[in-house]
Amino acid sequence: MRLLIITHALDARDTNLGFFHEWVRRFSAVSERVYVIAQRGGELDLPSNVSVSSCGKERGAGKLLRLWRFWVSERRFLSEADAVFIHMSPLYAILA
């Protein structure tokens, strides 16, 4: 299975959402490929079958630029994915 994950943050050192980094690791163990679109990226230590695209919030990207990057990444990954998992991002569920 190829899985697309959309999440607010993917950072192993994040004090609130750091647990999700481990979730992605575990999804990758049972998936052929995992694609992740995160609004904010950070420190990553993930297997080679995981592709991560950050929308750039950690670099100070504005809302319009982040929206554009989301749509570009979504179009690229969605055609490859068999399933989509959206974590804590209801707005991006609507946009997707």
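**Gln 39 and its surroundings**

Leaving aside its neighbours within four places in sequence, Gln 39 is in contact with Thr 7, His 8, Ser 54, Cys 55, Gly 56, Lys 57, Glu 58, Arg 66, Phe 70 and Tyr 92. Contact here means heavy atoms within 4.5 Å. Before going further, the basis: this is a predicted model, in which local features need pLDDT of at least 70 and side-chain atom pairs count only at pLDDT 80 or more, while totals for chains, interfaces and linings use all residues. Residues are numbered from 1 along each chain as its sequence is written, and side-chain values use heavy atoms, with hydrogens and water left out.

Is Gln 39 buried or exposed? Its relative accessibility is 5%, so Gln 39 counts as buried. The cut-offs are under 20% relative accessible area for buried and over 50% for exposed, with partly exposed in between, using a 1.4 Å probe and protein chains only. Gln 39 sits in strand 2. Helices (H or I, at least four residues) and strands (E, at least two) are DSSP runs, numbered from the N terminus. From Gln 39 to Leu 67 there are 28 residues along the chain, and their C-alpha atoms are separated by 9.1 Å.

One of the contacts of Gln 39 is Gly 56. Gly 56 belongs to the loop between strand 3 and helix 2, residues 63-78. With 0% relative accessibility, Gly 56 counts as buried. Apart from neighbours within four places in sequence, Gly 56 is in contact with Gln 39, Ala 61, Arg 66 and Arg 69. Gly 56 and Arg 69 are 13 residues apart in sequence, and 8.1 Å apart in space from C-alpha to C-alpha.

**The strands**

Now the pairing around strand 2. For two strands to pair, DSSP has to find at least two bridges between them. Strand 1 and strand 2 pair in the parallel sense over eight bridges; Arg 2, for example, has Arg 33 in strand 2 as its bridge partner. Strand 2, residues 33-41, also pairs with strand 3 in the parallel sense, over five bridges. Here Tyr 35 has Ser 51 in strand 3 as its bridge partner.

How many residues of strand 1 and of strand 3 are buried? In strand 1, residues 2-10, seven of the nine are buried. In strand 3, residues 50-54, the figure is four of five. Both strands are mostly covered. As background, side chains in a regular strand alternate between the two faces of the sheet.

**Two loops**

The loop between strand 2 and strand 3 holds Asp 45. Asp 45 has 52% relative accessibility and therefore counts as exposed. Beyond neighbours within four places in sequence, Asp 45 is in contact with His 21 and Arg 25. Asp 11 is 34 residues from Asp 45 along the chain, with 9.1 Å between their C-alpha atoms.

His 21 is in helix 1, residues 19-29. Which residues does His 21 contact, leaving aside neighbours within four places in sequence? They are Leu 10, Asp 11, Ala 12, Glu 43, Leu 44, Asp 45 and Leu 46.

The other loop runs between strand 4, residues 83-87, and helix 3, residues 90-95, and Met 88 lies in it. Phi of Met 88 is near 60 degrees, a positive value in a residue other than glycine. Met 88 counts as exposed, at 54% relative accessibility.

**The chain as a whole**

The chain has three helices and four strands, in the order β-α-β-β-α-β-α along the sequence. Its radius of gyration is 12 Å, close to the 12 Å that the globule rule gives for 96 residues, so the chain is as compact as a globular protein of that length. The radius is taken over C-alpha atoms, and the rule is 2.2 Å times the number of residues to the power 0.38. Along the principal axes, the C-alpha atoms fill a box of roughly 35 × 30 × 20 Å.

Of the 96 residues, 43% count as buried. Among contacts between residues at least 6 apart in sequence, 56% join residues at least 24 apart. That is where I will stop.
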